[in-house]
Amino acid sequence: MSMILRRLPSLGIGSKLLLVVLPCMLLGAVIMFLAFERFSTRERLSALEARLDAFAVTQAASLTKPLWEFDETTVHRLFAAYGEVPELMVAAVFDADGHLVASAGGRDSDGHQQVLKRAVPLVQQAVGGAYSIGRLEVSFHDGRIRRELASQRSAGLLVLSLSFVLLGGMTLLSVRRLVAEPLRRLRDSLRHNANVMTRDPLVWQGGDEVGEVVGAYNRLLDEISQRTEDIHRMAYHDSLTGLPNRRLLEDRIGHAIAVAERQNRSIAVLFADIDNFKVINDTLGHKQGDTLLRMAAERMSAIIRSMDTIARWGGDEFVIVVEGLESAGEAANVAEKLIEEIGVPIHLDSNLLRIGVSIGISLYPQDGTDATTLIKNADMALFEAKGRGRNTFHFFDQAMNSRAIRRLDIEMALRHAISAGQLELHYQPKIASANGAITGVEALVRWRRPGEGLIQPDEFIPLAEESDLIVAVGEWVLHQACAQIKAWRAKGFGDVPVAINLSPRHFRRDKDLDGIIATVEAAGIPPHLIEIEVTETTLMHDPEKAIALLQRLRDRGFGIAIDDFGSGYSNLSYLRRLPITTLKIDRAFVMDIEHNQDNIEIIRAIIAMANALSLGLVAEGVENERQFAFLRNSDCAVVQGYYFSRPLPPAELESLLQRPRSPHPALDIMGLTTLQVAANA
């Protein structure tokens, strides 16, 4: 028993049910058997008593007459027959005086447990009345009944045993079929689904509780399958566009490489980026930006074949994997189709947008033999495509890798350049076209890197813009310019206005503007000596916010200039709203004056517009006398360029600040030439 109890927790539910059902069945059968036996014993004993009563009465009636007539022979003859009565224990007849007249005993009284006795008086009815002539005493035993009961008990036990075995077997089969078997199938299904990660439903026709459990289990499987599918989709697909994400893309590229290697074919990885998406996203809002991305994804998906893969890499970047290529021209054809399809105008609510896409292409196996390398090289080619004017494609070449390494090196070194004191400010003078006087200077940052010398701004400024280092660089420039103004004051050069170029990133948050104001106030410099130069793209990024921030600076007394004017989107009505003080004509117009009549007309229009709005005007990029003469004769008040002076370190610029101005109202060309020669000596 103790062994069974120890093993009970490990038994199956069918065995546990049998351990409960079978003992209960056995106990019930035993109780029923004992009850039946007791009832049978009582019935048989009652029948024995009835026979005893009947026998005593009958024999008393038979013995009354012989005893009345003193016929002992008949009495003995009757008693001799009593021996045939199986239940008889003893029978005796007594006369009226109590003397034994005759007696008889039973033949078989073995096994009896109880003796039943009856005494019947013998009464003779006569003319004179009723006369007592004696009594009859009879006793019966239950030996035969006990033997019959024992035999019946043995047969009953046999029947009970057979019935128990039969019922137990039927119960065992029923439990196994109705309970244990479906539960075992349910268990096996759970193990199978857990081991092989499948979702096979369990088939069960019954409508009982087990059927309900199976139904609930199947519903659970359906829900798990749906959740698993959703989780798998979330893990391997982009939530916005539904396209494969980076993780699935890398698997697809790995598979494509394996197939291409077996078939001796090539694959192309196209890295695509929506042109100017950030401007659209910031101008129209993120919701419209998301809609634009979904539409772009649908258009690109419609171009590629079913065997190819398009994935969203992140933001507005997509990666397309084109398989089974025989030449690079096929990849170029796909890129051209993508550019053409994306270029179709898109309707976003009431806006009609025409967007472009820049694409970089890398090829397997010449540009890489694994997913990481192919994607990296395609990204480098994308950077090159953007640098060539956008809305075009470019194939990767090894020279790009060298340039990328150079860009990374520059970016990492630039992070330490400020704290290491490697940045310098050079100043390019602005010249009054009327008299040659220096009206101010423009501060231009330079980087003197140890071991390399002076690094050109066009090499590190774009990297600073991309990495947000431009904010720190701009703050440094402002501090240095303020310090330089104070130094020139101390040396007796008077107030020299300094123009400072600030990135659009300085106009995203109010606290950045607060920093500019606080820096100038802390230096004790009059704000009108600082002119903030911003590009037209800065204004177009978020016009209303830009106007509000620039107005704050203007109210404080800062000068505001639009740099490279004419290359962006400004118009007359827009300019009237801007709190600006100066327009700077883009050098691209000035440099082509001698060969492009359109540029001449554009410059004249800008000058007329600036004069009409009472704005200051500066022409950049003046490199020869003919350009200068045209600008002076066109009433351009201030000019700037290499014809007069390159950007100079403070010490060299101070020699120009000491030069006396021309007293003549018209510019002394010889004097200016002397200035230009001296500055470039």
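The lining of the second largest pocket comprises 10 nonpolar residues, one polar residue and six charged residues (nonpolar: Ala, Val, Leu, Ile, Met, Phe, Trp, Tyr, Cys and Pro; charged: Asp, Glu, Lys and Arg; polar: the others, Gly among them). The structure is a predicted model, in which local features need pLDDT of at least 70 and side-chain atom pairs count only at pLDDT 80 or more, while totals for chains, interfaces and linings use all residues. Residues are numbered from 1 along each chain as its sequence is written, and side-chain values use heavy atoms, with hydrogens and water left out.

On a 1 Å grid over the protein atoms alone, a pocket is an open set of points with protein on both sides within 12 Å along at least five of seven lines, a cavity is a set of points where a 1.4 Å probe fits but cannot get out, and lining residues have an atom within 4 Å of a point. Points are joined across faces, edges and corners, and a volume is the space filled by probe spheres set on them.

The second largest pocket holds about 340 Å³ of space. Among its 17 lining residues, Lys376, Asp379, Met380, Ala404 and Arg407 are the closest to its centre. At least two lining residues come from each of α10 (371-387), α11 (398-417) and α12 (457-467), helices being DSSP runs (H or I, at least four residues) numbered from the N terminus. The greatest contribution is that of α10, with seven residues.

One cavity of 30 Å³ or more was found in the whole structure. The largest cavity contains about 30 Å³ and is lined by Phe33, Phe36, Glu37, Leu149, Gln152 and Arg153. Both α2 (13-68) and α4 (143-196) supply at least two residues of this lining.
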